[in-house]
Structures are given as C-alpha cells and as structure tokens.
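Visitor: Hi! Could you walk me through this one, a piece at a time?

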Amino acid sequence: MRAVLLLALNSWVENLRNRFFGLVLAFAGTVLYLSMLLGLLASDQEVRVLLDFGLGFIELMGLVGAVYGASTVVLREMESKTVYMILTRPVERSSYLLGRYLGLMLSVGGAMLIMAGAHVFMLVLKGWAFRPDYCWAFLGAFLKVLVTGSLALFLALSTTSALSALSITMIIWSLGHFLPEIRLMVRRFGSDSTLLMAPLQAVSWVIPDLQLFNLRDRLDLPAGLAQCVPVGSWLVYAAGYCCVWLVLSSALFKRKEF
Amino acid sequence: MPDPNGPSASDGGAVLRFRDVTKTYVSSHLGRTRTVRGVSELDFEVRRGEVFGLLGLNGSGKTTTFKLALGLLSPTQGEVSVLGLRPRDPRALAGLGFLPELPWFPGFMTPQEILRFYGGLSGLPDAEIPGRVARVIERVGLGAAAGRRIAEFSKGMVQRVGLAQAILHDPALVVLDEPVSGLDPLAIKDFRDLLVELNAKGKTILVSSHSISELEKLCHRVGILKDGRLARVLQAQDWSGGLEERFIETVRPAGGAA
C-alpha cells in the first residue's frame with residue numbers, strides 16, 4: 001500500500017509540475033471564456049448553453065487527459081527507463097500499475113475541479129444561481145473519466161501500440177453512451193435473430209454504461225434533482241468496472257516482459 | 001585497481017548465478033511467427049565481493065543478460081538466481097540496485113526528492129530515509145548540489161544521482177548498465193573511483209560497458225559475449241593490460257574484420 005501511495009503521489013506531483021499540464025489548464029480557461037460568446041448567440045438560453053457547453057468541455061478535457069495518460073504511461077516510463085528503476089525494487093507490479101493509475105486520476109480530477117471552479121464563476125457572473133445538481137453532474141463526468149481511464153490502461157497493455165489503445169477506447173467510450181439503445185435492440189430483436197444479436201448481447205455486457213452517469217442532459221429539470229441521483233449505485237458501478245479492468249491489467253502486466 | 005586475483009567462490013558463494021539460460025524472443029506479424037535468440041546456454045556466476053564485467057558488440061546479448069538478472073525478462077530455458085532467490089522475489093530485489101544506461105529524472109526535482117521517493121519504494125523506514133539520503137548524496141559527491149533541480153545538472157551529475165538511487169538501500173549486488181556512457185574523461189575517472197570505493201566496502205558489482213579500458217581498470221573478471229553466448233570469461237591476470245586484444249581475438253570472425 002505504501003508503494004501505491006508513493007507512486008500515486010509521485011505521478012500527481014510530476015503532472016502538476018509538468019508544463020503541459022499548465023498549458024492544458026490555460027487552454028481550457030480560454031475555451032471556457034470564449035464559450036461566453038456562444039452564449040450570446042442564444043440570448044434567451046445563454047446560461048443553459050454555457051452550462052451545457054462548459055460541463056461537456058470539462059468532461060472532454062478530463063477524458064482526453066485520462067485516456068492519453070493511461071494509454072502511454074507504461075510506454076513513456078519504458079522510454080525514460082524509470083520503470084526499470086521502479087520494478088527492480090521490491091514493488092509489486094500491481095502496486096506500480098495502481099499507483100500510476102491513481103496518480104493520473106488524481107491529476108485529471110484536480111484539473112477538472114479547477115476548470116469547474118472557473119466555469120461556475122463565469123456562470124454566476126452571468127446571473128446563474130448555483131445548484132447542487134452541478135456537483136452531481138460533475139461527479140458523473142469524473143466517474144466516466146475514471147471508468148474510461150481504467151479501460152484505456154487495460155487496452156494499452158493488451159494491444160501493440162498506444163494509438164490502437166486510444167482508438168479502441170474512444171470507440172468504446174462512444175458506444176458506452178448508446179448502451180441503453182443497444183440493450184433495447186437486443187431485447188426487441190434478440191428472439192428473432194439470436195445469431196445476429198449474440199455479439200450485441202456480449203457488447204452490452206462488456207461496454208460500460210456511461211449514459212448512466214450523464215446527468216448533464218437532465219440539468220434543466222426542476223431544482224432538487226440531486227435527491228433523485230443514485231450516487232450509491234453510481235459509485236458501486238464505477239468502482240466495480242474500474243476494479244475489473246485494473247485486475248485484468250495487473251494480470252497482463254505481471255506477465256509483461258521488458 | 002582491484003586485486004587481480006579477485007574474490008574466489010569460496011569467499012561466500014555466488015550472488016548472481018546463470019544456469020544454462022536461454023532466452024528466445026517470439027514475435028508475430030501478419031500471421032508470421034519469428035523467433036530470435038537473445039542469449040543461449042549462459043552459464044556463469046558473479047561471486048560475492050567481485051566486480052564482474054560484461055563485454056560484447058552491439059546485439060551480443062548484454063542487455064538481455066541484465067534484464068534476466070533483474071527479473072525484467074524470464075528465461076525460456078534454464079535458471080537465474082539472485083542472492084539464491086528467483087530474480088523477481090521481493091527479497092532478491094531488496095538486495096539489488098540497478099543503474100540503467102542514461103537514467104532519466106524529472107528536471108524539476110532535486111536529488112533529495114528523487115532519492116526520498118526511491119528510498120520509500122525500496123522499503124526503507126520513513127524515519128531512516130532523510131539520513132540515508134543525506135549520506136548517499138555526500139558519498140556520490142553531490143553534497144553541494146543536493147537542493148538544486150536536475151534540469152541544472154550535467155550528464156555526469158545525473159549519472160551520480162542514478163548511482164545514488166542504486167546504492168541508497170545498501171544492496172549486496174549493484175548492476176550498472178553502461179555507467180560511463182556519454183561522460184567526459186574527468187567524470188569517468190570520478191565515477192570509476194566511486195565504483196572502486198563501493199567494491200572496497202564489499203559491494204558486488206555487475207557492469208557492462210563498451211569502454212574496454214574502463215572494464216580493464218575496474219573488473220576482477222570479464223565475460224565476453226558473442227552472438228548471445230558467453231564466449232570467454234577472463235580473470236584480471238589473463239589480460240594483464242591487453243584486454244582489448246583478448247576481446248578482439250574472441251569476437252572477430254576467423255579471417256575477417258570484426
């Protein structure tokens with residue numbers, strides 16, 4: 001556990017002091033600021049547009065950071081030989097992987113939090129009254145990032161290149177938002193054509209249901225939506241999914257030769 | 001200059017042992033499987049307290065041999081043991097220090113921060129780490145630069161940080177991959193002195209280098225690898241100032257240029 005914490009903290013500090021991290025935050029701040037122009041195009045729905053665009057953008061930035069980071073972490077550390085200096089110490093390979101994953105997610109979560117702070121500040125300037133639903137929408141977006149990041153880590157260890165891991169993750173991420181529709185198709189047509197539906201059935205079990213965490217779409221519902229948010233099941237679902245991918249990643253990493 | 005006779009097997013046995021070790025790399029592309037022999041039937045040991053050098057042309061199997069000793073690769077055939085244990089056993093790893101060729105450290109970190117991180121990963125108790133870090137920094141000659149950022153360091157200074165992380169936890173066996181690669185003559189001399197001092201304090205050292213003269217000055221025994229096989233093991237008295245000639249006559253194909 002000590003090694004996991006040390007590695008997570010090390011990753012977090014490295015990311016925080018990385019110039020690239022600062023650039024991403026500056027870029028995000030600029031885009032969020034420019035989004036105010038978008039709001040002007042829909043004057044009657046200005047706050048709504050700002051809310052939607054901002055949350056979507058924060059999620060996208062978090063996703064890009066998590067997926068890119070998870071897909072390349074082992075590769076980058078192999079190139080810099082850091083991984084050799086770590087794995088030739090009494091550190092379990094699963095601890096290495098978990099530590100790096102947690103450090104990455106801590107960094108991405110921190111960056112998303114900073115962006116959300118800036119976003120809320122701009123919304124309040126535009127006259128928006130803060131609602132707790134925003135926090136749940138943010139949590140949902142972060143859980144999506146956590147789940148997708150763990151999947152990217154697994155794919156990076158099971159495919160031959162970071163590019164293929166990135167591409168497959170993004171495809172699964174897209175499908176994850178259509179899972180309810182895929183499940184509906186399986187239910188409707190499953191009995192008619194079992195052969196055709198079997199792969200879809202399998203897909204519906206493997207792909208994470210990211211639509212589950214999508215509270216953004218429901219933010220225009222009356223205030224107090226927070227009471228309807230199944231946070232407990234969200235957390236259990238996300239933790240379960242992450243655990244499965246991380247255990248599978250560890251199994252692959254234990255067999256990996258350098 | 002080491003004792004030309006060096007320590008004998010009776011001085012306490014082998015710290016590192018290769019028994020009939022073969023490593024074959026298997027890769028497949030578009031359905032075609034290709035196998036490449038990394039090393040073949042390696043059979044040698046590194047005795048407690050000696051400096052053992054590995055010499056060979058590019059592609060002769062030096063890196064594969066190192067990675068097998070460090071548990072980063074598993075042998076296809078045969079057995080490797082470090083301190084009488086499997087190389088990936090945490091107890092074996094606790095007794096091992098490794099300096100990769102041209103190690104990399106984040107530029108914004110100081111040697112103190114880096115060594116605290118690696119000290120924690122080596123399993124050193126928290127209370128012991130600051131004292132050890134301070135001592136090892138002095139030992140590798142970085143006392144005056146302990147609080148400076150790595151980005152301000154020369155290649156030779158970075159190499160000293162690399163050596164410091166390898167010896168921080170007081171390992172019985174220190175493995176050095178091309179430790180003087182890219183260093184200027186003065187840095188090479190300083191580095192050599194450090195290694196001689198380490199060996200005098202009882203450390204067993206396994207070192208690879210393209211610099212024949214360095215191995216000549218440093219090693220008790222030198223193994224020459226040719227096409228993945230250990231072609232020859234020489235004792236210091238066997239070369240008596242002419243290691244280069246012994247090396248060339250071993251690796252040069254009969255009647256041709258090397």
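Guide: Happy to; let's begin with Leu83(B), which sits in the loop between strand 4 (77–82) and helix 2 (90–94) of chain B. Helices (H or I, at least four residues) and strands (E, at least two) are DSSP runs, numbered from the N terminus. This is a predicted model, in which local features need pLDDT of at least 70 and side-chain atom pairs count only at pLDDT 80 or more, while totals for chains, interfaces and linings use all residues. Residues are numbered from 1 along each chain as its sequence is written, and chains are lettered from A and ligands numbered from 1 in the order in which they are written.

Visitor: Got it. What is the phi of Leu83(B)?

Guide: Leu83(B) has a positive phi, near 55°, although the residue is not glycine.

Visitor: And is Leu83(B) buried or exposed?

Guide: Leu83(B) is buried, because 22 other C-beta atoms lie within 10 Å. The cut-offs are 20 or more other C-beta atoms within 10 Å for buried, 12 or fewer for exposed, and partly exposed in between, with C-beta atoms placed from the backbone.

Visitor: Where else in chain B is phi positive in a residue other than glycine?

Guide: Asp227(B) is one of these, with phi near 50°. Asp227(B) is in the loop between strand 8 (221–226) and strand 9 (229–235) of chain B. Since it has 14 C-beta neighbours inside 10 Å, Asp227(B) counts as partly exposed.

Visitor: Let's move to the helices of chain B. How many residues of helix 1 of chain B are buried?

Guide: Nine of the nine residues in helix 1 (residues 62–70) of chain B are buried, so the helix is mostly covered. Among them are Lys62(B), Phe66(B), Lys67(B) and Ala69(B). Next comes Gly71(B), with a positive phi near 80°.

Visitor: And helix 3 of chain B: how many of its residues are buried?

Guide: Nine of the eleven residues of helix 3 (residues 111–121) of chain B are buried, so the rest of the structure largely encloses it. The buried residues include Pro111(B), Arg116(B), Tyr118(B) and Leu121(B). Just past this helix, Gly123(B) has a positive phi of about 90°.

Visitor: What covers the buried residues of helix 3 of chain B?

Guide: The cover includes helix 1 and helix 4 of chain A, along with helix 4 (129–139) and helix 5 (155–167) of chain B.

Visitor: Over to chain A, then. How do the axes of helix 3 and helix 6 of chain A cross?

Guide: Helix 3 (residues 46–79) and helix 6 (residues 133–158) of chain A have axes that come within 8 Å and cross at roughly 20°. That is why helix 3 of chain A is roughly parallel to helix 6 of chain A. Axes are lines fitted to C-alpha atoms, for helices over the stretch in contact, and angles run from 0 to 180 degrees between N-to-C directions. Angles under 35 degrees are roughly parallel, over 145 roughly antiparallel, 65 to 115 roughly perpendicular and the rest oblique.

Visitor: Which residues of these two helices meet?

Guide: On helix 3 of chain A they include Gly62(A), Leu63(A), Ala66(A) and Ala70(A), and on helix 6 of chain A they include Val145(A), Thr148(A), Gly149(A) and Ala152(A). Two residues are in contact if their C-beta atoms, placed from the backbone, lie within 7 Å.

Visitor: I see Leu63(A) there. What is it in contact with?

Guide: Setting aside neighbours within four places in sequence, Leu63(A) is in contact with Val145(A), Thr148(A) and Trp173(A). Leu63(A) is buried, because 21 other C-beta atoms lie within 10 Å.

Visitor: At what angle do helix 3 and helix 7 of chain A pack?

Guide: Helix 3 of chain A and helix 7 (residues 162–176) of chain A pack at about 145°, and their axes are 10 Å apart. Among the residues making the contact are Leu63(A) and Tyr68(A) of helix 3 of chain A, and Leu166(A) and Trp173(A) of helix 7 of chain A.

Visitor: What about Met122(A): which residues does it touch?

Guide: Not counting residues up to four places away in sequence, Met122(A) touches Leu32(A), Met36(A) and Leu50(A). Met122(A) belongs to helix 5 (residues 93–125) of chain A. Met122(A) is partly exposed, because 18 other C-beta atoms lie within 10 Å.

Visitor: Last one: how many residues has the largest nonpolar core?

Guide: The largest nonpolar core has 131 residues, and those with the most contacts inside it include Ala66(A), Ala152(A) and Leu206(B). Helix 6 of chain A gives the largest share of this core, 17 residues. Such a core is a set of buried Ala, Val, Leu, Ile, Met, Phe, Trp, Tyr and Cys residues joined through C-beta atoms within 7 Å. Leaving aside neighbours within four places in sequence, Leu206(B) is in contact with residues including Leu16(B), Phe52(B) and Ala69(B).
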